[in-house]
Amino acid sequence: MRKYDLVCFDMDGTLTKLRSSWCWVHSCFEVDNEPAYQAFCNGEIDEPEFMRRDIALWTNKNPDVTIRDIAVLFRDMPLIDGIQETIACLKANGIRTVIISGGIDLAAKMLANEFGFDDYIADEVLSYEDGRLTGEGKMNVDLRDKGINVRQYIEKYGTTMERTVSVGNSFTDIPMFKNSGMSIAFNPTDPYTQEAATHTVFSENIADILDFIMEQDKE
(Lines give C-alpha, C1' and ligand atoms only; values in the text may rest on other atoms or scores of the structure.)
Protein backbone atom coordinates (compact mmCIF):
# COMPACT_ATOMS: atom_id res chain seq x y z
CA MET A 1 0.00 0.00 0.00
CA ARG A 2 1.39 3.38 -0.96
CA LYS A 3 2.23 5.81 1.81
CA TYR A 4 1.58 9.04 -0.11
CA ASP A 5 -1.31 10.32 -2.21
CA LEU A 6 -0.12 13.78 -3.22
CA VAL A 7 3.15 15.51 -4.15
CA CYS A 8 3.20 19.33 -4.29
CA PHE A 9 5.99 20.89 -6.35
CA ASP A 10 7.33 24.40 -6.31
CA MET A 11 8.13 25.52 -9.89
CA ASP A 12 10.79 28.24 -10.06
CA GLY A 13 14.19 26.83 -9.16
CA THR A 14 12.70 23.37 -8.59
CA LEU A 15 11.21 22.32 -11.92
CA THR A 16 13.14 25.01 -13.78
CA LYS A 17 16.81 25.93 -13.79
CA LEU A 18 15.84 29.54 -13.13
CA ARG A 19 15.40 31.60 -10.00
CA SER A 20 12.09 32.84 -11.38
CA SER A 21 9.81 32.52 -14.41
CA TRP A 22 9.29 36.26 -14.08
CA CYS A 23 13.04 36.75 -14.45
CA TRP A 24 13.01 34.54 -17.54
CA VAL A 25 10.63 36.99 -19.21
CA HIS A 26 12.79 39.90 -18.02
CA SER A 27 15.84 38.30 -19.62
CA CYS A 28 13.94 37.78 -22.88
CA PHE A 29 13.00 41.49 -22.89
CA GLU A 30 16.49 42.45 -21.71
CA VAL A 31 15.17 44.41 -18.73
CA ASP A 32 16.24 44.45 -15.08
CA ASN A 33 13.79 44.13 -12.17
CA GLU A 34 16.39 44.28 -9.41
CA PRO A 35 15.07 47.59 -7.96
CA ALA A 36 11.54 46.16 -7.67
CA TYR A 37 12.89 42.88 -6.26
CA GLN A 38 14.86 44.71 -3.57
CA ALA A 39 11.85 46.89 -2.73
CA PHE A 40 9.73 43.75 -2.30
CA CYS A 41 12.35 42.00 -0.17
CA ASN A 42 12.64 45.10 2.02
CA GLY A 43 8.88 45.18 2.55
CA GLU A 44 8.50 48.52 0.74
CA ILE A 45 5.97 47.11 -1.77
CA ASP A 46 3.51 44.21 -1.66
CA GLU A 47 3.27 41.34 -4.13
CA PRO A 48 0.59 42.92 -6.42
CA GLU A 49 2.74 46.05 -6.76
CA PHE A 50 5.78 43.86 -7.41
CA MET A 51 3.92 42.20 -10.29
CA ARG A 52 2.72 45.59 -11.55
CA ARG A 53 6.29 46.89 -11.73
CA ASP A 54 7.53 43.73 -13.42
CA ILE A 55 4.83 43.86 -16.11
CA ALA A 56 5.52 47.57 -16.68
CA LEU A 57 9.09 46.68 -17.65
CA TRP A 58 7.73 44.58 -20.52
CA THR A 59 5.10 47.03 -21.73
CA ASN A 60 7.58 49.92 -21.60
CA LYS A 61 9.89 47.90 -23.84
CA ASN A 62 7.06 46.75 -26.13
CA PRO A 63 3.69 48.51 -25.70
CA ASP A 64 2.02 46.01 -28.07
CA VAL A 65 3.10 42.86 -26.22
CA THR A 66 0.31 40.30 -25.81
CA ILE A 67 -0.35 37.45 -23.42
CA ARG A 68 0.39 35.02 -26.27
CA ASP A 69 3.81 36.65 -26.77
CA ILE A 70 4.58 35.97 -23.10
CA ALA A 71 3.36 32.36 -23.32
CA VAL A 72 5.58 31.66 -26.33
CA LEU A 73 8.67 32.72 -24.39
CA PHE A 74 8.27 29.79 -22.00
CA ARG A 75 8.81 27.25 -24.78
CA ASP A 76 12.55 27.83 -24.42
CA MET A 77 12.63 28.10 -20.63
CA PRO A 78 15.39 25.82 -19.25
CA LEU A 79 13.91 22.95 -17.22
CA ILE A 80 15.47 20.57 -14.72
CA ASP A 81 16.11 17.07 -16.05
CA GLY A 82 13.89 14.15 -15.08
CA ILE A 83 10.45 15.79 -14.84
CA GLN A 84 8.86 13.34 -17.28
CA GLU A 85 10.26 10.30 -15.47
CA THR A 86 9.28 11.66 -12.06
CA ILE A 87 5.66 12.48 -12.90
CA ALA A 88 5.20 9.25 -14.87
CA CYS A 89 6.46 7.19 -11.91
CA LEU A 90 4.25 8.98 -9.39
CA LYS A 91 1.22 8.74 -11.67
CA ALA A 92 1.83 5.02 -12.23
CA ASN A 93 1.70 4.57 -8.46
CA GLY A 94 -1.57 6.46 -8.11
CA ILE A 95 0.01 9.58 -6.64
CA ARG A 96 -1.39 12.99 -7.62
CA THR A 97 1.03 15.77 -8.57
CA VAL A 98 0.45 19.55 -8.46
CA ILE A 99 2.46 22.74 -8.99
CA ILE A 100 2.25 25.55 -6.42
CA SER A 101 4.16 28.61 -7.56
CA GLY A 102 4.50 32.34 -7.15
CA GLY A 103 5.73 32.27 -10.72
CA ILE A 104 3.68 32.90 -13.85
CA ASP A 105 0.66 30.67 -14.49
CA LEU A 106 1.44 30.46 -18.23
CA ALA A 107 4.66 28.60 -17.37
CA ALA A 108 2.92 26.36 -14.82
CA LYS A 109 0.17 25.54 -17.32
CA MET A 110 2.75 24.62 -19.95
CA LEU A 111 4.52 22.25 -17.55
CA ALA A 112 1.25 20.73 -16.34
CA ASN A 113 0.11 20.03 -19.89
CA GLU A 114 3.46 18.75 -21.12
CA PHE A 115 4.29 16.43 -18.24
CA GLY A 116 0.87 15.44 -16.91
CA PHE A 117 0.61 17.20 -13.55
CA ASP A 118 -2.91 16.88 -12.13
CA ASP A 119 -3.24 20.57 -11.28
CA TYR A 120 -1.40 23.85 -10.86
CA ILE A 121 -1.79 27.26 -9.28
CA ALA A 122 0.39 30.31 -9.93
CA ASP A 123 0.10 34.04 -10.36
CA GLU A 124 -1.58 35.47 -13.46
CA VAL A 125 -0.60 38.16 -15.92
CA LEU A 126 -3.91 39.81 -16.80
CA SER A 127 -4.89 40.78 -20.35
CA TYR A 128 -7.73 42.39 -22.28
CA GLU A 129 -9.91 40.38 -24.67
CA ASP A 130 -7.61 41.28 -27.56
CA GLY A 131 -4.63 39.84 -25.67
CA ARG A 132 -2.91 43.10 -24.74
CA LEU A 133 -1.64 43.22 -21.18
CA THR A 134 -3.64 45.30 -18.71
CA GLY A 135 -0.52 46.00 -16.67
CA GLU A 136 -1.92 44.15 -13.67
CA GLY A 137 -1.26 40.74 -12.19
CA LYS A 138 -3.47 38.52 -10.06
CA MET A 139 -1.94 36.98 -6.96
CA ASN A 140 -3.18 33.41 -6.61
CA VAL A 141 -0.29 32.23 -4.42
CA ASP A 142 0.77 34.21 -1.35
CA LEU A 143 4.53 33.80 -1.07
CA ARG A 144 4.25 34.38 2.68
CA ASP A 145 2.18 31.18 3.09
CA LYS A 146 2.14 28.60 0.29
CA GLY A 147 0.88 26.19 2.93
CA ILE A 148 -2.61 27.54 2.24
CA ASN A 149 -2.46 26.04 -1.24
CA VAL A 150 -1.14 22.72 0.04
CA ARG A 151 -4.11 22.45 2.38
CA GLN A 152 -6.48 23.31 -0.47
CA TYR A 153 -5.10 20.46 -2.59
CA ILE A 154 -5.16 18.06 0.36
CA GLU A 155 -8.86 18.80 0.66
CA LYS A 156 -9.49 18.67 -3.08
CA TYR A 157 -7.91 15.25 -3.46
CA GLY A 158 -9.33 13.83 -0.23
CA THR A 159 -6.07 13.01 1.51
CA THR A 160 -4.24 14.12 4.67
CA MET A 161 -1.16 16.10 5.60
CA GLU A 162 0.60 12.87 6.60
CA ARG A 163 0.07 11.44 3.11
CA THR A 164 1.35 14.55 1.33
CA VAL A 165 4.87 15.40 0.13
CA SER A 166 6.15 18.89 -0.72
CA VAL A 167 9.21 19.65 -2.85
CA GLY A 168 10.81 23.09 -2.99
CA ASN A 169 14.08 25.00 -3.03
CA SER A 170 13.70 28.24 -1.07
CA PHE A 171 12.45 29.74 2.18
CA THR A 172 9.06 30.56 0.60
CA ASP A 173 8.51 26.79 0.37
CA ILE A 174 8.93 26.21 4.12
CA PRO A 175 5.17 26.74 4.77
CA MET A 176 4.55 23.98 2.20
CA PHE A 177 6.91 21.73 4.15
CA LYS A 178 5.08 22.46 7.41
CA ASN A 179 1.81 21.26 5.87
CA SER A 180 3.22 17.98 4.56
CA GLY A 181 4.07 14.63 6.07
CA MET A 182 7.38 14.60 4.19
CA SER A 183 9.29 17.48 2.63
CA ILE A 184 12.21 17.52 0.22
CA ALA A 185 14.54 20.50 -0.22
CA PHE A 186 15.68 20.14 -3.84
CA ASN A 187 18.87 22.12 -4.51
CA PRO A 188 18.02 24.49 -1.63
CA THR A 189 19.16 28.10 -1.99
CA ASP A 190 19.48 28.79 1.72
CA PRO A 191 20.20 26.87 4.95
CA TYR A 192 16.76 27.59 6.41
CA THR A 193 15.04 25.59 3.67
CA GLN A 194 17.40 22.68 4.15
CA GLU A 195 16.90 22.69 7.92
CA ALA A 196 13.10 22.75 7.54
CA ALA A 197 12.97 19.77 5.18
CA THR A 198 12.77 16.08 6.00
CA HIS A 199 15.30 15.32 3.26
CA THR A 200 17.68 17.31 1.07
CA VAL A 201 18.61 16.41 -2.51
CA PHE A 202 21.35 18.14 -4.50
CA SER A 203 21.05 16.95 -8.08
CA GLU A 204 20.72 17.95 -11.73
CA ASN A 205 17.87 15.43 -12.05
CA ILE A 206 14.67 15.76 -10.06
CA ALA A 207 13.95 12.04 -10.44
CA ASP A 208 16.39 11.56 -7.56
CA ILE A 209 13.60 12.60 -5.16
CA LEU A 210 11.86 9.33 -6.03
CA ASP A 211 14.44 7.49 -3.93
CA PHE A 212 12.77 8.97 -0.85
CA ILE A 213 9.14 8.94 -1.94
CA MET A 214 9.09 5.42 -3.36
CA GLU A 215 11.34 3.96 -0.66
CA GLN A 216 8.88 5.21 1.93
CA ASP A 217 6.16 3.86 -0.31
CA LYS A 218 7.50 0.30 0.10
CA GLU A 219 7.33 0.29 3.87
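1. In this predicted model, a salt bridge joins the side chains of Glu136 and Arg52, with an N to O distance of 3.0 Å. Glu136 belongs to strand β4 (residues 133-138) and Arg52 to helix α3 (residues 47-61), so the bridge ties together parts that lie 84 residues apart in sequence. Glu136 counts as partly exposed because its relative accessibility is 31%. Arg52 is likewise partly exposed, at a relative accessible area of 31%. The pair is also part of a network: salt bridges with shared partners connect Glu49, Arg52, Arg53 and Glu136.

2. A second bridge to note is that between Arg163 and Asp5, whose closest N and O atoms are 2.6 Å apart. Here, too, distant parts of the chain are linked, since Arg163 sits in the loop between α7 and β5 while Asp5 sits in the segment before β1, 158 residues away. As for burial, Asp5 has a relative accessibility of 13% and therefore counts as buried. Arg163, at 22%, counts as partly exposed.

3. Arg132 and Asp130 also form a salt bridge through their side chains, at 2.7 Å from N to O. Arg132 is partly exposed, with 39% relative accessibility. The model has 11 salt bridges by the rule applied.

4. Helix α7 (residues 147-156) deserves a point of its own. Its buried residues are Gly147, Asn149, Val150, Tyr153 and Ile154. They lie on the same side of α7 because they cover an arc of only 155° around the axis. In general, residues three or four places apart in an α-helix point the same way, because the helix has 3.6 residues a turn. On the face turned away from the buried side of α7 are the exposed residues Glu155 and Lys156.

5. Which elements do the buried residues of α7 pack against? They pack against the strands β1 (6-9), β2 (96-104), β3 (119-127) and β5 (164-168), and against α8 (174-178). After α7 comes Gly158, which has a positive phi near 65°.

6. Thr164 lies in strand β5. Is this residue buried or exposed? Thr164 counts as buried because its relative accessible area is 0%. Its side chain reaches the backbone oxygen of Thr160 at 2.8 Å. With neighbours within four places in sequence left aside, the contacts of Thr164 include Val150 and Ile154, both of which are among the buried residues of α7. Other contacts of Thr164 include Tyr4, Leu6, Cys8 and Met182.

7. The largest nonpolar core holds 47 residues, and those that touch the most other members are Phe9, Trp58, Ile70, Phe74, Phe117, Ile209 and Ile213. Helix α6 (residues 105-115) gives the most to this core, with seven residues. Ile70 touches Val25, Phe29, Trp58, Val65, Leu106 and Leu133, when residues up to four places away in sequence are not counted. A second, separate core comprises 14 residues, among them Leu6, Cys8, Tyr153 and Tyr157. Of these, Tyr153 is one of the buried residues of α7, while Leu6 and Cys8 are in contact with Thr164. In soluble globular proteins generally, nonpolar side chains tend to be buried together.

Notes
Residues are numbered from 1 along each chain as its sequence is written. This is a predicted model: local features need pLDDT of at least 70, side-chain atom pairs count only at pLDDT 80 or more; totals for chains, interfaces and linings use all residues. Side-chain values use heavy atoms; hydrogens and water are left out. Buried means under 20% relative accessible area, exposed over 50%, partly exposed in between (1.4 Å probe, protein chains only). Helices (H or I, at least four residues) and strands (E, at least two) are DSSP runs, numbered from the N terminus. The arc is that of the directions from the helix axis to the C-beta atoms. Contact means heavy atoms within 4.5 Å. A salt bridge is a side-chain nitrogen of Lys or Arg within 4 Å of a carboxyl oxygen of Asp or Glu. A nonpolar core is a set of buried Ala, Val, Leu, Ile, Met, Phe, Trp, Tyr and Cys residues joined through side-chain atoms within 4.5 Å. A polar contact is a pair of N or O atoms within 3.5 Å; within protein, one must be able to donate a hydrogen and the other to accept it, and residues adjacent in sequence count only if both atoms are side-chain atoms.
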